[in-house]
Amino acid sequence: PTRRSSDLPLLVHAIIHTESAYNPYALSYKGAEGLMQLIPGTARLMGVRNSFDIRQNVEGGVKYLKQMLERFGDLRFAIAAYNAGPEAVARYNGIPPYAETIGYVYRVGKRYGELRRQSPPKPAAAVETAEAQTQPEFRPVESYLDAEGRLHLRTR
């Protein structure tokens, strides 16, 4: 699959869908953790201290994915490297002949294609305008406990 510059969020969603089915507490038999299934060593290299913290996990996973995209240039190779490691992709000069990795590249690519078809590209000017219009208004959250100990949250 080819990649539009605005498609990184879609690719990340495809990886999360494939890796953990959006379970932030997913733990693989190989020790990969969280939404983007970071191996502890990779997580540390990406600055992640808690792989089960959603924000840290996604930020670390995106950082790693961007490194793979920059290193390999080919979307399929970057996806394969995310799964099997960059050394394996470099060793085989492409997708390693591992059944798990071949299936992984297929599943991520399929999901990525589905997501791209669901969200067609927008002209650059429309993207900037839409982003400016969809920025949420910051409203502070107030919280209090009632007499029965229930937590209430509200915005002003």
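**Close-up 1. The contact between helix 4 and helix 6.** Leu 75, Arg 76, Ile 79, Ala 80, Tyr 82, Asn 83 and Ala 84 of helix 4 meet Glu 100, Thr 101, Tyr 104, Val 105, Val 108 and Tyr 112 of helix 6, where contact means heavy atoms within 4.5 Å, and helices are DSSP runs (H or I, at least four residues) numbered from the N terminus. By class, this contact of helix 4 with helix 6 has 9 nonpolar, 2 polar and 2 charged residues; Ala, Val, Leu, Ile, Met, Phe, Trp, Tyr, Cys and Pro count as nonpolar, Asp, Glu, Lys and Arg as charged, and the others, Gly among them, as polar. The model is predicted, with local features needing a pLDDT of at least 70 and side-chain atom pairs counting only at pLDDT 80 or more, while totals for chains, interfaces and linings use all residues. Residues are numbered from 1 along each chain as its sequence is written, and side-chain values use heavy atoms, with hydrogens and water left out.

**Close-up 2. The crossing of helix 4 and helix 6.** The axes of helix 4 (residues 75-84) and helix 6 (residues 99-118) come within 9 Å and cross at roughly 125°, the axes being lines fitted to C-alpha atoms over the stretch in contact, with angles from 0 to 180 degrees between N-to-C directions. The two helices are therefore oblique to each other (angles under 35 degrees count as roughly parallel, over 145 as roughly antiparallel, 65 to 115 as roughly perpendicular and the rest as oblique).

**Close-up 3. Helix 3 packed on helix 4.** Helix 3 and helix 4 pack at an angle of about 135°, with their axes 8 Å apart, which makes helix 3 oblique to helix 4. On the helix 3 side the contact is made by Gly 61, Tyr 64, Leu 65, Met 68, Leu 69 and Phe 72, and on the helix 4 side by Leu 75, Phe 77, Ala 78, Ala 81 and Tyr 82. These residues divide into 10 nonpolar, 1 polar and no charged.

Close-up 4. The whole structure holds 2 aromatic pairs, a pair being rings of Phe, Tyr and Trp (its six-membered ring) whose centres lie within 6.5 Å, with planes under 30 degrees apart counted as stacked, over 60 as edge-to-face and the rest as tilted. One of them joins Tyr 64 and Tyr 82 in a tilted arrangement, 5.6 Å centre to centre with 55° between the planes. Tyr 64 lies in helix 3 (residues 54-72) and Tyr 82 in helix 4, so the pair ties together parts that are 18 residues apart in sequence.

**Close-up 5. Helix 1 against helix 3.** The axes of helix 1 (residues 8-20) and helix 3 come within 11 Å and cross at roughly 110°, which makes helix 1 roughly perpendicular to helix 3. Leu 8, Leu 11, Val 12, Ile 15 and Ile 16 of helix 1 make the contact with Val 58, Val 62, Leu 65, Lys 66 and Leu 69 of helix 3.
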